[in-house]
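Please have the sequence and the 3D view at hand while reading.

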Amino acid sequence: MSRAFLVVLDSAGIGGAPDADAFFNGDTPDTGANTIGHIAEVCAAGRAEDGRSGPLQVPVLASLGLGAALEAASGMTPPPGLDGPVTGAWAAATEVSKGKDTPSGHWELAGVPVPWDWHYFPKADPCFDDDLVAEVCRLAGTDGILGNRHASGTLIIEEEGARHIETGWPICYTSVDSVFQIAAHEETFGLGRLLKLCADLAPRLHAMKVGRVIARPFVGTPEDGFARTKNRKDYAIAPPAPTLCDWAHAAGRPVHAVGKIGDIFSMRGIDDVVKGSDADLMEALGALVDGAEDGALVFANFVEFDSVHGHRRDVSGYARALEWVDAELGLLIPRLRPGDLLVVTADHGNDPTWTGTDHTRERVPVLMQGVGQGAHGLIAFADVAATVAAHLGLDETGPGRSVL
């Protein structure tokens, strides 16, 4: 029985979204943003030399069709490192959901376009209304909150960490995504207390169509500095309809989640989940390639492309991460069983050469190993779910169309 491995390189977009002019970083529309294309151009120009050097070296992704997908999506001629012969099957996918965020991208890749408009908090200081602040205080047992603005997660901890330890007030902030994030010290505030606060607050925010409440624990001191821990937890609004995970689970197929997939889908249709750093997750993915059951669906997200490099506009770091995952895929692919399908894709863009620090609206690559060689051109995000479902022999395929 066939297995499927759906791997999301978080934010690895390839430009060309037809509606990019309706999405912004500050006052600048995302028109022309191209995460992979611009990284490859900067590398080829010798301007991404921190910890690496020269043109982007991703021979496995290129052979699967990354350069061809880039050209189909955006019209960009593949820069050095993305050219060369293609031995896999590829496409470039376009999103219809009105968001450039994690839930929108993943849900639609899993066959469920978002049917509503997300709630976003205004770029004001303060940005949360008094009633919401009062509810946070009631649930936290505090007299106030810190933050209450749009902010970088690492920067706001630096700015508010000392006062947080002094007052015990949670640090609440948001971004251009539909999120409400709460940062708190694991020891002085307590990890369990932070997680309970987020869980208790989530239903109210989900009713407002805020996509996620995110617990952002950290450790450290004002003297030595603060650092976020690996104990992040997302409390995501549940998908509005059954997804690929539900279809597989209903058919009796094992569904294994790697990374934040469990949070994104509220653990619906998922049997188990492995969390950790991207290095930890790659080890877990390798173990599943070697040992997952016949008929299994493995759904993985590698978030550090986005969280560590994209938002911080670190071109060299993003290039290093791409070269790392390329080398790891080169080790995994020979271990796939006959009949296995590997799909490597993304959920949105986060162009590290772009203005601002937010996601960018882009098409994404769909690179397939295990279904021969072929160019499938421009497809929809939902077609990814339909393709995986068809490969697994599932009856449900959602609104998408299989390319198989």
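## A buried arginine and its partners

R361 counts as buried, at 3% relative accessibility; buried means under 20% relative accessible area, exposed over 50%, and partly exposed in between, with a 1.4 Å probe and protein chains only. The model is predicted, so local features need pLDDT of at least 70 and side-chain atom pairs count only at pLDDT 80 or more, while totals for chains, interfaces and linings use all residues. Residues are numbered from 1 along each chain as its sequence is written, and side-chain values use heavy atoms, with hydrogens and water left out.

R361 forms a salt bridge with E95, their closest N and O atoms being 3.3 Å apart; a salt bridge is a side-chain nitrogen of Lys or Arg within 4 Å of a carboxyl oxygen of Asp or Glu. E95 lies in the loop between strand 4 (89-94) and helix 4 (102-109), and R361 in the loop between strand 14 and strand 15 (364-369), 266 residues apart. Here helices (H or I, at least four residues) and strands (E, at least two) are DSSP runs, numbered from the N terminus. E95 is also buried, with a relative accessible area of 6%. Salt bridges with shared partners join D19, E95 and R361 into one network.

## Other salt bridges

Across the whole structure, the search finds 19 salt bridges. One of them joins the side chains of D340 and R3, at 2.7 Å from N to O. D340 lies in the loop between helix 12 (315-332) and strand 14 (341-345), and R3 in the segment before strand 1 (4-9), so the pair ties together parts that are 337 residues apart in sequence. D340 is buried at 4% relative accessible area, and R3 is buried at 0%.

K260 forms a salt bridge with D10, with 3.7 Å between the closest N and O atoms. K260 is buried, with a relative accessible area of 10%, and D10 is buried at 0%.

## Enclosed space

The structure has 3 cavities of 30 Å³ or more. A cavity is a set of points, on a 1 Å grid over the protein atoms alone, where a 1.4 Å probe fits but cannot get out; lining residues have an atom within 4 Å of a point. The largest cavity holds about 50 Å³, a volume being the space filled by probe spheres set on the points, which are joined across faces, edges and corners.

Residues lining the largest cavity include L9, L322, V344 and T345. Strand 14 and strand 15 are the elements that give two or more residues to this lining.

Notes. On a 1 Å grid over the protein atoms alone, a cavity is a set of points where a 1.4 Å probe fits but cannot get out, and a pocket is an open set with protein on both sides within 12 Å along at least five of seven lines; lining residues have an atom within 4 Å of a point.
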